[in-house]
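Let's take a walk through a protein fold together, one piece at a time.

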Amino acid sequence: MGHTGQAAGCHTEPVEPQPEPLAQYFDGWYADMARTPVKDEIEQRHLGLPPHLLSASLLGWAGIAEVTQALQLAAGGVLLDLACGRGGYGLEIAARTGARLVGIDFSAEALRQAGEQARRLRRAAEFRVGNLTATGLDAGSAAAVLCIDAIQFAEPPDAAFREIRRVLVPGGRAVLTCWEPRVPDDDRLAGRLRRVDLAAGLAAAGFARVEVTERPDWRAAERAMWAEAAALEPGTDPALRSFHDEGVRSLATFGLLRRVMASATAP
């Protein structure tokens, strides 16, 4: 199932995904990706990721260290990787901290690949179908929540922040990465990105110690990656075509977004 030219992992382009259910869309996107290792190789090189870390987002190796530190996880605590994709980030952070990983995503294909990778790495993890606004987890069941480059897909956005708050124990930490518009409601950006405001979303959900910081070094690595993607000759490969097209679009609107990491504590 190909999705040529419509979208890729970070969805920073001003084109919305096709009007089919998002879970179905991403099932096809992840299946295409599994057949095309070239895309992973390019992303891993620019983001400094090791070959075993299967990403569907754009958090680099240095960023993983920053996120891990901000999560403040203790060994044995439950880490919820929300919108986990292929599970790469959650598996890495759980291995570093000794946390118990639960990954939630609405793509069954992504979860299938995440489970296979966990078995290859011999790491314990649980992966479940769910979404940003309905994880299926009990209230107060997670010590920390990780959401990498995906909060923009929540419908409605405020429900996702409330769900993160609901599943956290008192004192639990939430860490999110995303892109925010430099000018709110800039109509050159995709609608789902125009509305991203992590500080406002976390504060409205009742979080304390909300901190949002810009990460220009992460953004610089993305620019180099998109430049290589835009220069690709993808041929008929749907994953490479999607990657190439998003590179072209992302470079065209690159200066309209800022790269951010947010952290907050559940009261």
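Before we start, here is one definition we'll need: an axis is a line fitted to C-alpha atoms, for helices over the stretch in contact, and angles between axes run from 0 to 180 degrees between N-to-C directions. Also keep in mind that this is a predicted model.

Now put that definition to work on a pair of helices. Helix H2 (residues 37–47) packs against helix H9 (residues 216–230) at an angle of about 150°, and their axes are 9 Å apart. An angle over 145 degrees counts as roughly antiparallel, so that is the label for H2 and H9. On the H2 side, the contact is made by Ile42, Glu43, Arg45, His46 and Leu47; H9 brings Ala221, Ala224, Met225 and Glu228. The crossing of H2 past H9 is right-handed.

Next, look for the sheet. It is an open sheet of seven strands, in the order E3-E2-E1-E4-E5-E7-E6, with mixed pairing. Which strands stand at the edges? They are E3 (125–129) and E6 (208–214); each has a single partner strand, so one side of each is left without a neighbour in the sheet. On average, and ignoring direction, neighbouring strands here are turned by 15° against each other.

Let's step across part of that sheet. Strand E1 (residues 78–82) pairs with strand E2 (residues 100–105) in the parallel sense, over five bridges, and Leu79 has Leu101 in E2 as its bridge partner. E1 also pairs with E4, again in the parallel sense, over three bridges.

Helix H4 (residues 88–97) lies across E1, E2, E3 and E4, running at about 160° to E1. H5 lies across E2 and E3, at about 170° to E3.

Zoom in on H5 (residues 108–121), where you'll find Gln113. Gln113 has a relative accessible area of 5%, so it counts as buried. Its side chain makes a polar contact of 2.8 Å with the side chain of Glu109. Setting aside neighbours within four places in sequence, Gln113 is in contact with Tyr30, Ala31, Ala34 and Arg86.

Finally, visit a few loops. Between H5 and E3 sits Arg122, which has a positive phi of about 55° although it is not a glycine. With a relative accessible area of 81%, Arg122 is exposed. Asp185, in the loop between E5 and helix H7 (191–194), has a positive phi of about 65° and is not a glycine either. Asp185 counts as exposed at 60% relative accessibility. Last stop: the loop between E4 and helix H6 (157–167) holds Pro156, joined to Glu155 by a cis peptide bond with an omega of about -10°.

Technical notes:
Residues are numbered from 1 along each chain as its sequence is written. This is a predicted model: local features need pLDDT of at least 70, side-chain atom pairs count only at pLDDT 80 or more; totals for chains, interfaces and linings use all residues. Side-chain values use heavy atoms; hydrogens and water are left out. Helices (H or I, at least four residues) and strands (E, at least two) are DSSP runs, numbered from the N terminus. Buried means under 20% relative accessible area, exposed over 50%, partly exposed in between (1.4 Å probe, protein chains only). A polar contact is a pair of N or O atoms within 3.5 Å; within protein, one must be able to donate a hydrogen and the other to accept it, and residues adjacent in sequence count only if both atoms are side-chain atoms. Contact means heavy atoms within 4.5 Å. Two strands pair if DSSP finds at least two bridges between them. Angles under 35 degrees count as roughly parallel, over 145 as roughly antiparallel, 65 to 115 as roughly perpendicular and the rest as oblique. A crossing is left-handed if the near helix is turned anticlockwise from the far one by less than a right angle, and right-handed if clockwise.
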